[in-house]
Structure formats: C-alpha cells, structure tokens
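Okay, thanks for coming, everyone.

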Amino acid sequence: MSTITSGVNWFEVGTDRPEETGRFYTDLFGWAFGEQGTPEASYRVTEAGPAGSIQGAIRDTGGASPNYAIFYVQVADVADAARRAASAGGKVLVPPRSNDNGLTFAHLADPVGNHFGVYAPPPGA
C-alpha cells in the first residue's frame, strides 16, 4: 500500500480566467490569495486560513488546458503510488515529475475517470 503521510491537504484550480476565479472563491469562502508564480505563469496560493483548513492555489492555464479542480494526497513515494493506481485499474495522466523546488507529483485517474493528484515534498522539507 502507498504510504499516505498527510492525507488530502492541497487543491489546485486550473483556469484560463484566474482573476475571476480568485474573486469567486474569495467571495464564497473568504479565501485570500498571494501570487507566487511569475508574470508568465501565475500561481496564486491561499493565505493562511482557519486551523485545519486545506490549502491550495489557482493556476493560470493560459488556455493551454481545460479548466479543472483537483485535490492532492501527500504520499511517501509518488512513483509507487502511480504504479499502484495503474495496477488497480486507474490511469496515470501526468507521470511523476519534480518541479523547480524539488516537490514530486503525478496526476492520476481512478477507474471511472475521476482526476486526482499525489505528491511528496522535497527531500528534507
């Protein structure tokens, strides 16, 4: 079994309209977002919320992919989770990869097509 280290604790909303999407979630939930991306690739991360609140971000897709909302589960080994998902009848949509900060992630789908992600923080984080 893939070892879950912190359960579901991150979400990401990909959108071609990040300003409008951010206003929606701010109006609905009171979330505030701080920019952590670049002018070419906006990535707006939720600022600290109530204790126990899930954290997440709005990513500007620039229209390069369909809009989406996804939750992430923190695991000990992303490659192992991807292999296990595939062997259990799911699909690997985005194979394991690391970002510039060393965080490793993958996008998966369950057997009926529900999209979700798994990730592991950088070593030593």
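I'll talk about the cores, then the aromatic rings, then the salt bridges.

A quick word on ground rules: this is a predicted model, so local features need pLDDT of at least 70, side-chain atom pairs count only at pLDDT 80 or more, and totals for chains, interfaces and linings use all residues. Residues are numbered from 1 along each chain as its sequence is written, and side-chain values use heavy atoms, with hydrogens and water left out.

When I say buried, I mean under 20% relative accessible area; exposed is over 50%, and partly exposed is in between, with a 1.4 Å probe and protein chains only. A nonpolar core is then a set of buried Ala, Val, Leu, Ile, Met, Phe, Trp, Tyr and Cys residues joined through side-chain atoms within 4.5 Å. The largest one here has 11 residues, among them Val73, Ala82, Leu108 and Phe116. Which elements each supply at least two of its residues? They are β5 (68-75), α2 (78-87), β7 (104-109) and β8 (115-120). Helix α2 gives the largest share, four residues. Those labels come from DSSP runs numbered from the N terminus: helices are H or I with at least four residues, strands are E with at least two.

There's also a second, separate core of six residues, including Tyr68, Ile70, Tyr72 and Phe105. And have a look at alanine 106: leaving out residues up to four places away in sequence, it touches Val78, Val94, Pro95, Pro96, Phe116, Gly117 and Val118, where contact means heavy atoms within 4.5 Å.

On to the rings. Rings of Phe, Tyr and Trp (its six-membered ring) pair if their centres lie within 6.5 Å; planes under 30 degrees apart are stacked, over 60 edge-to-face, and the rest tilted. That rule gives eight aromatic pairs. Take phenylalanine 71 and phenylalanine 116: centres 6.0 Å apart, planes at 15 degrees, so they're stacked. They sit 45 residues apart, the former in strand β5 and the latter in strand β8, so to speak linking distant parts of the chain. Phenylalanine 71 is partly exposed at 38% relative accessible area, while phenylalanine 116 is buried at 18%.

Now tyrosine 72 and tyrosine 119: their centres are 6.4 Å apart and the planes are at 75 degrees, so this pair is edge-to-face. Again distant parts of the chain get linked, with tyrosine 72 in strand β5 and tyrosine 119 in strand β8, 47 residues apart. Both tyrosine 72 and tyrosine 119 are buried. Elsewhere, Phe11, Phe24, Tyr25, Phe29, Trp31 and Phe33 form one aromatic cluster.

Last bit, salt bridges. We need a side-chain nitrogen of Lys or Arg within 4 Å of a carboxyl oxygen of Asp or Glu, and the count is five. Arginine 44 pairs with glutamate 19, closest N and O atoms 2.9 Å apart. Arginine 44 is in strand β3 (residues 43-46) and glutamate 19 in helix α1 (residues 18-29), so the bridge ties together parts 25 residues apart in sequence. Is arginine 44 buried or exposed? It counts as buried, at 16%, whereas glutamate 19 is partly exposed at 48%. Glu19, Arg44 and Glu35 are linked in a salt-bridge network.

Finally, arginine 83 bridges to aspartate 80 at 4.0 Å; both lie in helix α2, three residues apart, about one turn of the helix.
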